[in-house]
Amino acid sequence: MTEHNGDDPKQVDSLINYDDALKYWNSVPASVDGVLGGYGETTSVPKADVVGSMTFLRKLKSRFSNDPDKIKYGIDFGAGIGRVTRDFLHKVCDKVDLLEPVKPFVDQMRVELQTLMEQGKIGDIYEIPMQDWKPEESRYSLIWCQWCCGHLPDPAFLEWLNKCKTAIQKDGLLVIKENNTTTDEDMFDDTDSSKTRSDTNFRRLFAEAGWKLISVDRQKGVPRELYPIRMYALKPE
Ligand SMILES: C[S@@+](CC[C@H](N)C(=O)[O-])C[C@H]1O[C@@H](n2cnc3c(N)ncnc32)[C@H](O)[C@@H]1O
């Protein structure tokens with residue numbers, strides 16, 4: 001893995017290439033180990049991740065979608081093989097849509113989520129990249145985006161954040177769970193042609209797109225050599 005850092009987010013953005021990213025993800029196994037870059041089920045990462053997400057959302061329970069008569073619709077962005085939906089999102093949503101551009105992952109997702117599909121808990125599966133997503137007005141009470149928004153340079157990420165404002169219900173919640181650099185600079189990763197944002201840049205972009213940060217937590221219980229992982233809960237201003 002080669003990384004390049006830069007004081008200027010625009011310079012790092014210019015290195016991101018969507019085709020290179022898809023080429024990389026198409027070349028890795030359609031498994032938890034594959035989508036988590038080698039931190040699969042033999043490591044503490046998948047379990048700690050689910051516990052961390054559940055704890056974070058439980059603390060926010062009173063802050064979103066409290067109408068018992070309304071269907072809680074969620075969406076899982078950059079869903080990979082559907083791990084996040086399978087292990088967590090289906091427990092906090094009535095129904096979940098998934099978006100994932102890599103065909104072998106989508107094929108495996110249909111296997112991983114077969115039981116949930118039979119239970120009517122899976123909605124639409126969009127086999128497209130997130131920059132091509134067309135939002136439907138007020139569809140979601142929970143938008144979850146984990147370990148994939150580094151594939152978008154800042155201008156495209158801002159556009160996606162704007163689309164989320166269209167797609168979110170009035171009392172809905174957007175959660176972004178991502179790695180952070182340990183400095184104020186973004187870093188390019190040429191393994192999967194993505195970038196890791198600094199916490200500072202995330203907060204700047206949320207504010208610029210008109211999202212209010214209502215809670216943030218660090219993921220615990222993951223190996224020390226990993227980047228810090230933060231969960232950001234956001235509501236439209
Ligand atoms: C690190 S994996 C995370 C998968 C899943 N979120 C999880 O936590 O198990 C990154 C995922 O982002 C997907 N991806 C890559 N480029 C994308 C894009 N432009 N839009 C949406 N997803 C993308 C990859 O195919 C891959 O499934």
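**View 1. Phe77 and its neighbours in a predicted model.** Phe77 touches Leu99, Met130, Trp133, Ile143, Trp144, Cys145, Gln146, Cys148 and Trp160, not counting residues up to four places away in sequence; contact means heavy atoms within 4.5 Å. Residues are numbered from 1 along each chain as its sequence is written, and side-chain values use heavy atoms, with hydrogens and water left out. Because this is a predicted model, local features need pLDDT of at least 70 and side-chain atom pairs count only at pLDDT 80 or more, while totals for chains, interfaces and linings use all residues. Phe77 lies in strand β2. Helices (H or I, at least four residues) and strands (E, at least two) are DSSP runs, numbered from the N terminus. Is Phe77 buried or exposed? Its relative accessibility is 0%, so Phe77 counts as buried. Buried means under 20% relative accessible area, exposed over 50%, and partly exposed in between (1.4 Å probe, protein chains only). From C-alpha to C-alpha, Phe77 and Leu98 are 6.2 Å apart in space, and they are 21 residues apart in sequence.

**View 2. The open sheet.** Seven strands make up an open sheet with mixed pairing, in the order β4-β3-β2-β5-β6-β10-β9. The edges are β4 (122–126) and β9 (211–218); each has a single partner strand, so one side of each has no neighbour in the sheet. From one strand to the next, the twist averages 15 degrees. Angles run from 0 to 180 degrees between N-to-C directions, and axes are lines fitted to C-alpha atoms, for helices over the stretch in contact. Two strands pair if DSSP finds at least two bridges between them. Strands of a sheet pair through backbone hydrogen bonds, either parallel or antiparallel.

**View 3. Parallel pairs within the sheet.** Strand β2 (residues 73–77) pairs with strand β3 (residues 95–99) in the parallel sense over five bridges. Ile75 stands opposite Asp97 in β3. β5 and β6 also run parallel, joined by six bridges. Here Ile143 is opposite Leu174 in β6. In strand β6 (residues 168–179), nine of the 12 residues are buried, so this strand is largely enclosed by the rest of the structure.

**View 4. Helix α5 and Arg83.** Helix α5 (residues 83–92) lies across β2, β3, β4 and β5 (140–146), and runs at about 155 degrees to β5. Arg83 lies in this helix and, at 4% relative accessibility, counts as buried. The side chains of Arg83 and Asp49 are joined by a polar contact of 2.8 Å. A polar contact is a pair of N or O atoms within 3.5 Å; within protein, one must be able to donate a hydrogen and the other to accept it, and residues adjacent in sequence count only if both atoms are side-chain atoms.

**View 5. Gln146 and the listed positions.** Gln146 is in strand β5 and is buried, with a relative accessible area of 5%. Its side chain makes a polar contact of 2.9 Å with the side chain of Trp144. For "binding site", an unreviewed UniProt entry lists Gly78, Arg83, Met130, Gln131 and Gln146. From this set, the lining of the largest pocket takes in Gly78, Arg83, Met130, Gln131 and Gln146. On a 1 Å grid over the protein atoms alone, a pocket is an open set of points where a 1.4 Å probe fits, with protein on both sides within 12 Å along at least five of seven lines; lining residues have an atom within 4 Å of a point. UniProt positions are given in the numbering used here, feature names are shortened, and annotations may be inferred rather than shown by experiment.
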